[in-house]
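I opened the notebook on this assembly to look up how its chains meet and how they are built. The entries follow in the order in which I made them.

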Amino acid sequence: MTAAIFYILSAAALLATLMAITRKNPVHAVIYLVHAFFALALIFFILGAPLVAAWEVIIYAGAIMVLFLFIIMMLELTPGEAARGPGWQRWAPVILLSGSIVVCTLLLMTAEPQAGPGGPNFYASPRDFGYGLFKEYALAVEIVSFQLLFAAVGAFYVGRGERTRRRARGDER
Amino acid sequence: MITVNHYLVLSAILFALGTFGVLTRRNAIVIFMCIELMLNAVNLSFIALSHHLGNLDGQIFVFFVMTVAAAEAAVGLALMITFFRNRESIEVDDISMLKW
Amino acid sequence: MENLVQLAMQNVNFAAIMPSLVLCCFGMAILLINVFMPRGKTTSASLISIIALLVTAVVSLQGWNNPQFGFAGHVALDNFATFFNMTFLLAAGLTILMSDDYLRREGYPIGEYYPLILFSTAGAMWMASGTDLMTIFLGLEVLSISLYILAGMFRHQLQSNEAGLKYFLLGAFSTGFLLYGIALLYGVAGTTNVADIGLYLSAHPAMIGNPMTVAGMLLMSIGFLFKIAAAPFHMWTPDVYQGAPTPVTAFMSAGPKAAAFAALMRIFILGLAGLQSEWTSLLWGLAILTMIIGNVTAIYQTNLKRMLAYSSIAHAGYALVGLVAANAVGVSGILFYMLAYTFMNLGAFAVLVLAGKKGEENLTLEGFSGFGFKRPFLGVAMTIFLLSLMGIPPTAGFAGKFYIFAGAIKSGYIWLAIIGVLNSAVSLYYYLRVIVYMYFKDPQEDYSWVSMHTGAVVSIVIAIVGVLYLGIIPGKIMEMAKLAIF
Amino acid sequence: MHDYSLIWLIPFFPLVGFIVNGLLGKKIGNEKVIGAIGTLAIAASFVVSCKMFFQLLGDVEKTHEVILFSWMSVGQLQIDWGFLLDPLSALMIMVVTGVGSLIHLYSNGYMHGEEGFYRYFAYLNLFCFSMLMLVLGNNALVMFVGWEGVGLCSYLLIGYYFEKKSAGDAAKKAFVVNRVGDFGFLIGLFTLFWALGEHGVWTFQFTKIAENAHLLPAGGVVVTVATLCFFLGATGKSAQIPLYTWLPDAMEGPTPVSALIHAATMVTAGVYMIGRMNGLFSMAPDTMMVIAIVGAATAIFAASIGLAQNDIKRVLAYSTVSQLGYMFLAMGVGAFSAGIFHLMTHAFFKACLFLGSGSVIHAMHHAYHKAHLHDDPQDMRNMGGLAKKMPITFITFFISTLAISGIPGLSGFFSKDEILWWAFSSTRGGWILWLIGFIAAGMTAFYMFRLVFMTFFGKQKTDARAKDHVHESPLVITIPLMVLGLLALVGGWVGIPAALGGANRFEHFLAPVFEHAQETYGIHSQHSLHAFEFPLMGCSIGIALVGIFLAWIMYVKNPELPGRLVARFRWLHTAIFNKWFVDELYDGLFVNATKRLGRYFWKGFDVPVIDGIVNGVGWLVQGSSRVLRFIQNGQIHSYAMTMVLGMVVIVAVYVFK
């Protein structure tokens, strides 16, 4: 059972990735990449990492990829929508991917939670994860918190728009 | 029977695809996406190994990789926006004023 | 069930991360202060940063001969880390000293600059004191991300944008390899703790030859070799060094390089000692390649920042020789060399900072014609730094190369040492050319725009003193470096 | 019990002078203060040198090493900042600080009113510091520091009038030529280092090198190669064939600099270095022969060029090259102490000659300046009859001329005769070497007296408007002249040979340094030839007198004779006057060839100075530099590709290993 799910998900991840790295249109690439991340999240779930799987969806697919999408839209990087072939050809891969991912999700939801393949049965509940994180990785948490703060400061500075700058000049005057 | 090696192979293929994308795509944002893909391939390795070894460290590593990726994304995209503002392009072929 | 806070606190030993903590706190304080400062007034921020660095130096020195461990074996403030911390602080201090007037001249008096430098210094410290691949990786990222921002800091200059973006894309790319390597090593040893990896490998010698171990080692080294700017992972260096703001370039050439060396040394010598024959043969080849590519390509450069970038590649090659030797002399030689390199290279960059016009179009060989006679102090200072970069006695560069090549000879890598010496001979060519232009070309300009800003002059003086001190009396620092290695 | 621990003060004082004048000179501004600081610094080290010298004179133990502190140590290789005081270095520090002090004093007057006065004194002090390090260093690396230091100061001082293009060019030339020499020095040093290391002795220390030199096979390839490389270094620094061309051009620097650096001290560094390593050189008879031949050839070659020069300083410059040739001749035939003896006497009389010429130039310059003329103050054809106008300058100059010409009783006679005698009689000498030296001696007497006659005798040929403005220089200039003139007169008396009833105390003083090698390798003057000693001496006195007589006939008695001779032997005169076209030859061979090739390869690319030295390696390196540069094409893709390819190659190497 899990073997089948694994193969389906692997195929989905590979297909999504292949599509992502070959699309001309960056928006399409983002969409396919999001699918790849969904597939990966499900694989993480199989491997007994439900929390990481959730983050994969929330942070990667949810936050980072949307940020990408946002930037692509903002910079208007999408090439003109010249139709290449019939519509179903363009939509088929996405539908196939989404469909298989949804099916796998449903299957996994009904299956045993600890049903990981191979190795010792290992399942990290969010509680285990939290204990592990704060017991041994307190320093790392500390560092990434600084990291995020300063990255935000830097990104804010670098990405600041022209208008802000002009206003800043006005202040000096 | 699915073993850890299956996962590692999948991870390696994804990593290679990501690398391939970095080497072939022209759009800097897409290149960065491919780099994210490489990171995710590594994440898969970590999770698979964590499961295989039965310890949590791998999962926790993935957590930090994600955090760092988020920080990188923020900074990287900000840099791309500024570049775009000045150059009206985000193609890597145009990021070649400094050379020789 | 234990209280989570208690759980978290039981491993904490703030003494072990005090230096980086102090830096971060000061960094945040400066961020706050900036909010209340009028725009363009950054002098106070730079002064506070200097104070921060001095305080950190004092705090860091507490760790000398008084090693502090903590955070479940993730960090150690030992002699090794302390020595490197001092190098980073020095690099940051000289950088900040030369920055204030420079930023004003270039029209970017930005308050965020100083906290970012402090923060990247903290990242370097985490790299040097990290005893877990996690800490080292996070330190590397902290350092890199701050530097991406700093390199691209001149927002309206295409060159700076390009430098930041290039550094970012290639840096993130190399991070991917680094992480993959870490993942594989984790898979082999079941831990990311450097010492535990070492223990595992010595307990399971069969795993040493395992392709996964070797592949992990190789992939992980790429991340560090990228930061060190070792060929063939050096390609970003010239472009980024040229495009980034000059003080940032100065910092990049010293701080991150030393940090990456620190991490690489700790991992290779402590964690991967079992694979020594593998990594020496890897570094042997890369050291030669790096020296040759750096020196040979530098010959053609006319832009001084770019030339110094290639020279920095070459110097990475020299330092790698010490790691190939992997004996006490060679390894402590790297510590010494990094310190010496910090002095001489930052000194040279400080001269460039003062000599440049706005936009720095004039930092070329031609632009330095007759500079030595028109600006005697800067000319002499530049000459001293260049002599040191060449490795002419009695300067720091000579002593550093001496120790490293002596280490190589001691370990039997005589040819490596000879190639190193030959490369130094090649390097004479392009360093001397600068001196020739400074002293033997007719001045085209009167260099009236060069004003001797206090900060930059102080950093030049410090660098001169350091270069001469390390060159004339290297014994004492070398003794310390020997105490600092594992 | 003798204490030498204060020896570090000797280089220390000039260093302080350099730092004070270099850092604060511009602020001080007052010439008197700056001059006083500079002069007192070197005078102080002269006092210390005197103390050390006389202490050593009364000491039984003649070799003292004073370790200041450790420089670098790796395993058994220990390199110190240490000083070696033995008779050789003691003598050298006396010459350097003594002559140095006088020239500093002189400079106070000569450089008066020059722009960058403080810079001049700072450089001069730095030079003294470096020279003293070179001389006193107890190991080859400290010597190398000094060696590079004196070179650096030399370029800086040659290029002192950097606004003048010729000065800049001269500095460049000195720079390039000296690089070639230094390269030789370093190769020699490392060859020696390795060779001794093969026998388990890792050292740069001179005493240890001397002790362990016997480990290497005498006359073997290693020793010969190493010493030849050292000698190449010496030819660069000491202006011997083929690297002598920079020295005459170096006269573009201020005259006191020519006196100190390019006559008395720095250019003798090569001679000193051979003396310092005499044990090693004695082991390589082939090298010694090369040195003797090169020395003799330089002596006669430079002397011949000196015959026809009209610039007063250029004549002296070629004379210096020629006299240095004598010293190398002495070293080559194993007459080490004679070579050093000549080094010392030469320092006296040549410094005096240069300073005297400086005094003349100063006066002429002053006179032209007053008369608003722009004639060349260094051209002897504009001089004449200055003896009456400048009596002190004339007398001291004349004494020194007598000394250099080898008139009995004066310093030059004893040292030069000693060299000629050894050239003739040494086991490593030969009569041909003597003959060349002998002819060169005649030429020396001729061109020196030509100079004296043209400058000081006859009618004053100076432009009438400037004539009356020529007068004697101030005391600060003439005092050093008088002291040096006196030394030129009596300085040789310490080395009167036994044959003339003297004790040759000089040779005995230096014996502890040279005796061992000379005895071990059988270098001595052959007994069978002792009968020739007096006749040879007579011959050399004779040829000196002949030279003087010819000069008198041609430049005093029959002033039109030279013109007729020139007309008769035009080709010869043209060749000599143009320095045998060596500069042109070098230009054609090296400099121009490089430039042409350079233009061919990359048009419009400015070929910098150092490109002047063309060699295959250089081209290879430059070519690959060009290729490598283009790999760096600015494209992120190719950078990432390089990384990936690099990784693939590395992995492949591991897989297929």
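Contacts, as I use the word here, are pairs of residues whose C-beta atoms, placed from the backbone, lie within 7 Å. I note at the outset that this is a predicted model.

**Entry: which chains meet**

I looked up the chain pairs. Five pairs of chains are in contact, and among these chains A and B share the most contacts. I then checked chain A against chain D. These two do not touch, and their nearest C-alpha atoms are 15 Å apart.

**Entry: chain B against chain C**

I listed the residues on both sides of this contact. Chain B contributes 34 residues and chain C contributes 33 residues. On the side of chain B that touches chain C, the elements giving two or more residues are helix H1 (4–24), helix H2 (28–53) and helix H3 (57–87) of chain B. Which of these gives the most? I found H3(B), with 16 residues. I also sorted this side of chain B by residue class: 24 residues are nonpolar, six are polar and four are charged.

**Entry: annotated spans of chain B**

I turned to the UniProt record. Its unreviewed entry places the annotation "transmembrane region" on residues 6–23, 30–49 and 61–84 of chain B. I checked two of these spans in the model. Residues 6–23 of chain B are 100% helix and 0% strand, with the end C-alpha atoms 26 Å apart. Residues 61–84 of chain B are likewise 100% helix and 0% strand, and there the end C-alpha atoms lie 33 Å apart.

**Entry: overall form of chain D**

I counted 28 helices and two strands in chain D. The C-alpha trace of chain D spans about 90 × 60 × 55 Å along its principal axes. Why do I take the radius of gyration of chain D to agree with that of a compact globule? A compact globule of 657 residues would have a radius near 26 Å, and chain D has 26 Å, so the two agree. Of the 657 residues of chain D, 56% count as buried. I also looked at sequence separation: of the contacts in chain D between residues at least 6 apart in sequence, 80% join residues at least 24 apart.

Note on methods:
Residues are numbered from 1 along each chain as its sequence is written. Chains are lettered from A and ligands numbered from 1 in the order in which they are written. This is a predicted model: local features need pLDDT of at least 70, side-chain atom pairs count only at pLDDT 80 or more; totals for chains, interfaces and linings use all residues. Helices (H or I, at least four residues) and strands (E, at least two) are DSSP runs, numbered from the N terminus. The radius of gyration is taken over C-alpha atoms; the globule rule is 2.2 Å times the number of residues to the power 0.38. A residue is buried if 20 or more other C-beta atoms lie within 10 Å of its own, exposed if 12 or fewer, and partly exposed in between; C-beta atoms are placed from the backbone. Ala, Val, Leu, Ile, Met, Phe, Trp, Tyr, Cys and Pro count as nonpolar, Asp, Glu, Lys and Arg as charged, and the others, Gly among them, as polar. UniProt positions are given in the numbering used here, feature names are shortened, and annotations may be inferred rather than shown by experiment.
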